[in-house]
Amino acid sequence: MISDNNTQIEVLDTLIVGAGISGIGAAYYFQRDCPGKRYAILESRANLGGTWDLFKYPGIRSDSDLYTFAYEFKPWESNKSIASAQLILDYLNETADEYGIRQHIRFNTAVVKLEWNSSDSLWCVTTLNQQTQQQVTLKARWIFSATGYYDYQQGFQPQFNDLDEFDGELIHPQHWPENFTAENKKMLVIGSGATAITLAPELAKVAEHVTLLQRTPTYMMHLPTGDPIANLLKSIFPKQTAHALIRKKNIFFHRSFWRFSTRFPKLAKRLLLRHVASRLPEGYDVAKHFTPPYNPWDQRLCAVTDGDLFKAIHRGDLDMQTDHIERFTHDGVKLKSGKEIKADTIVTATGLNIKLMGGVDIIIDGKPLDFPSTVTYKGAMLSGVPNFCFAVGYTNASWTLKIGLLCEYFCRVFNHMEVTGYAKCVPEVPTENFTTSPLLDFGAGYIQRSLHLMPKKGQASPWDMSMSYGPDVKFFRKGRIEDEFLQFTSRAETENAP
C-alpha cells in the first residue's frame, strides 16, 4: 500500500487484465517463476473463461487440438482432442482452482484507464465495479494484457441492403438467444469461417433445413474429435509424460503440414480439395463451394469435426450456396445471381470486431497511447510503452502454444529487473533505416478490417511477429534479456529524474 492524498492505494507487482485462457496461464507462470510477488487478475465479466464463456451458440468448440491448446503444465485428460466450449471451460475452472488462481481474480471489475507515471515507475489503474459502479484506483509495476483482441460487446455485421425488410429472426452468434430452438425452422447461416462451419451442421440436426451461404469458400479438413494415438499414449505413460509426448506429436505434424503447404501451395491445395471431395456426394460442385481463391494457410483452415458438415450435406439437411447478397427480403435474401433463399431465421456468422485492450484508455506520462504508432517488440511488448506485456497467440497453430512462451519470457524479464534493480523497461525502435509492416500476415476478414488500428511490426527480430514455435522456444526461454533496443532504467535513475 502507498498513501496518496491520505488515501491508501494498493500496489501490485503485476496486474493481469483478463481471466481467459491467456490470463489464467499468465497467473500460473507468474506464481511459479516469481514466487511471493503480488498480483491480481481483473475480469470485467462475472465468470472466467473469456471467449469460452462469452459465446453460447450451438456446437461451439475449439478448432485446435486440445493437447496443444491446453496448457503445457496441465495435461488435457479428456479423450476428445477437439473439444466443446463446456469441456474447455471445465478445464480452465479446474486449473484456476487447482493452482490457487481463482482467489486472485476480481470479477465484475473492468479496467477503465491505465496511466503510466515515470516519476514513480508505476501504472495507475482506474477500475470500475460493474455491479456497484464504484471506481477504485490501484497501482502496479507491470501490466500483462490478456484481453486478446476481440470486441466482447459487439460482433461484426456488414451493411446489408434492406436488412429491416426481413420479418424473421436475425441472430449474430456472439449474441445467441438463450432459449432459441431451430426445430422445424428453415435457417440461413451467412459466413464461411470457423463459426459458420461449426454452427451450420449443428443446426441441421434439428432444423427443417439449413442453407450455408458464403461469398468466398474456405479450406476445410475433416478432423476426428478423438485421437487414437493420444489415447494409446495415455494408457501407457503417466499423464504428464503422455501429455508432453502427445503435444510434441501434434506440434510436429501440424508444423510439418503448415511448412509443406507454404512451400508447395499448389500441391497442398490439390490434396485438400481431393480430401474434401472424397467426403461429399459424387459430382458435388467442389470447385464452386470449397475452392478458395487463395493458398492454404493464407487464412486459417476450418476443422470439420467428425465430418459433420459433409454428413449433413449427404443427408440433404444442409446445402451450400456461394454467392453475394443483393438485398434482404421479408422472407429471406435475394442473391446477385437472381436466386432467392427463404428462411425463418438468419444467422449472420460474419465475423468479429477488433478492440485492443478492451478499449481501455492508455496514457503514458500524460500522452494518450496511439496503438498504430507503436511497433511490437518480440511480439510481447510495444515500443515506447514501459512495463507492459501483451498476449497474442499464433494464427497458424494453437493460440496457447505461444501464450505459454510469452508468459515465461515475461517472468524472465520481471526477475531480471528484480536482480538488477531496474524499475522501468521500455522498447525503443531504431531511429534510422527502420521500416514497418502490418502486425499480422493473416487474411481473415476481422484482421484485415482492423490492421489500421493495430501496432506495426518490423522486418526482422526482435521487431517481427514470429509464428514459428520451434525457434520461439529457444528465443523466449533462452534468449538474452538485454539488447540495444530494450532500455532499462534503475530505481535510482527514476528517483533522480526531473
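The crossing of helices α11 and α13 is left-handed, a term used when the near helix is turned anticlockwise from the far one by less than a right angle, with right-handed denoting clockwise. The contact draws on L401, K402, L405, L406, E408, Y409 and R412 of α11. From α13 it takes Y469, D472, V473, F475, F476, R477 and K478. Contact means heavy atoms within 4.5 Å. By class, eight of these residues are nonpolar, none polar and six charged. Ala, Val, Leu, Ile, Met, Phe, Trp, Tyr, Cys and Pro count as nonpolar, Asp, Glu, Lys and Arg as charged, and the others, Gly among them, as polar.

The model is predicted: local features need pLDDT of at least 70, side-chain atom pairs count only at pLDDT 80 or more, and totals for chains, interfaces and linings use all residues. Residues are numbered from 1 along each chain as its sequence is written, and side-chain values use heavy atoms, with hydrogens and water left out. Helices (H or I, at least four residues) and strands (E, at least two) are DSSP runs, numbered from the N terminus.

Helix α11 spans residues 399–420 and α13 residues 469–478. Their axes lie 8 Å apart, at an angle of about 15°. Axes are lines fitted to C-alpha atoms, for helices over the stretch in contact, and angles run from 0 to 180 degrees between N-to-C directions. The two helices are therefore roughly parallel to each other (under 35 degrees; over 145 is roughly antiparallel, 65 to 115 roughly perpendicular, the rest oblique).

Helix α11 also packs against α1 (residues 21–33), with axes that come within 9 Å and cross at roughly 35°. This crossing is right-handed. On the α1 side the contact is made by I21, S22, G25, A26, Y29, F30, R32 and D33. On the α11 side it is made by W399, T400, I403, G404, C407, E408, F410, C411, F414 and N415. The residues of this contact divide into ten nonpolar, five polar and three charged.

Strand β4 covers residues 39–42. Y39 and I41 point one way from β4, and A40 and L42 the other way. All four are buried, that is, under 20% relative accessible area, with exposed over 50% and partly exposed in between (1.4 Å probe, protein chains only). Four bridges join β4 to β3 (residues 11–17), and the two strands run parallel. L15 stands opposite A40. Strands pair if DSSP finds at least two bridges between them.

T127 lies in strand β7 (residues 122–129). At 4% relative accessibility, T127 counts as buried.

An open sheet of three strands has the order β15-β16-β17, with antiparallel pairing. Strands β15 (325–329) and β17 (340–342) stand at the edges with a single partner strand each, so one side of each is left without a neighbour in the sheet. Neighbouring strands are turned by 20° against each other on average, direction ignored. Four bridges join β15 to β16 (residues 332–335). T329 stands opposite G332 in β16.

V304 is found in strand β13 (residues 302–305). At 0% relative accessibility, V304 counts as buried. V304 and T198 are 106 residues apart in sequence, yet 7.4 Å apart in space, C-alpha to C-alpha. Not counting residues up to four places away in sequence, V304 touches I197, M220, M221, H222, L223, L309 and F310.
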